[in-house]
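Trainee: Could you walk me through this structure with some questions and answers? I'd like to start with the aromatic rings.

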Amino acid sequence: MLEITCNNQCAYSDATLSVYKIYILQLKDVLRWYGAEFRDPMMLNPPTWFKSFIFCEALVQTPFFPIAAYAFLKGGCKWIRTPAIVYSTHVVTTLVPILAHILYYPFPTEPHPGPQTQKERYTLAAIYAPYLLIPLMLLFTMLFSSAYNTNSQGGKGSAKAKKIK
């Protein structure tokens, strides 16, 4: 929901698409408050590279959420492994340049001031950190958990091992 209400809003803010007009004033105010309070100019005036990440987020990540919710709530859906690996690697690889930008880019002070002190940079990085950590946990779960490993027989041993016995 956060993605639809806030992230996509910054990507479409100056687009000629009429999509931006669907956002109500309160959501725009929340976005402006967040950008000013946490000194996140990428959400107020996103650079082109950041917009490309938001567009990918809308195309790849948003469709994944209801599919993943269904699979995880139902349980036992091993088919979610590949989409979850694609999703998590996509998110993790986009977060690396975002965090590097937050930590090392010399942000201007006008028109939308970015983080200037180390504390402000670490605070903003901490806000983005869950978007790195949760997909990493999902990735490791999909790669190493026997519950989602399609080659595993749920701890019962492989078919080859059964033939040997």
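Trainee: Which residues form one aromatic cluster?
Mentor: Keep in mind that this is a predicted model, where local features need pLDDT of at least 70, side-chain atom pairs count only at pLDDT 80 or more, and totals for chains, interfaces and linings use all residues. Residues are numbered from 1 along each chain as its sequence is written, and side-chain values use heavy atoms, with hydrogens and water left out. Rings of Phe, Tyr and Trp (its six-membered ring) pair if their centres lie within 6.5 Å; planes under 30 degrees apart are stacked, over 60 edge-to-face, and the rest tilted. One such cluster is made of Trp33, Tyr34 and Phe38.

Trainee: How many aromatic pairs are there in the whole structure, and what is the angle between the planes of Trp49 and Phe53?
Mentor: Searching the whole structure turns up 10 aromatic pairs. Trp49 and Phe53 form an edge-to-face one, 5.6 Å centre to centre, and the angle between their planes is 80°.

Trainee: Why are Trp49 and Phe53 separated by about one helical turn?
Mentor: Helices here are DSSP runs (H or I, at least four residues), numbered from the N terminus, and strands are E runs of at least two. An α-helix has 3.6 residues a turn, so residues three or four places apart point the same way. Trp49 and Phe53 are about one helical turn apart because they sit four residues apart in helix α4 (residues 48-74).

Trainee: Is the Phe64 and Tyr87 pair stacked or edge-to-face?
Mentor: Phe64 is in helix α4 and Tyr87 in helix α5 (residues 81-104), 23 residues apart, so this pair links distant parts of the chain. The ring centres are 4.4 Å apart and the planes are at 15°, so the pair is stacked.

Trainee: Is Phe64 buried or exposed?
Mentor: Buried means under 20% relative accessible area, exposed over 50%, and partly exposed in between (1.4 Å probe, protein chains only). Tyr87, at 12%, counts as buried, while Trp49 at 30% is partly exposed. With 8% relative accessibility, Phe64 is buried.

Trainee: Where is Phe107, and what is its relative accessible area?
Mentor: Phe107 is in the loop between α5 and α6. Its C-alpha is 9.8 Å from that of Asp40, although the two are 67 residues apart along the chain. Phe107 is buried, and its relative accessible area is 7%.
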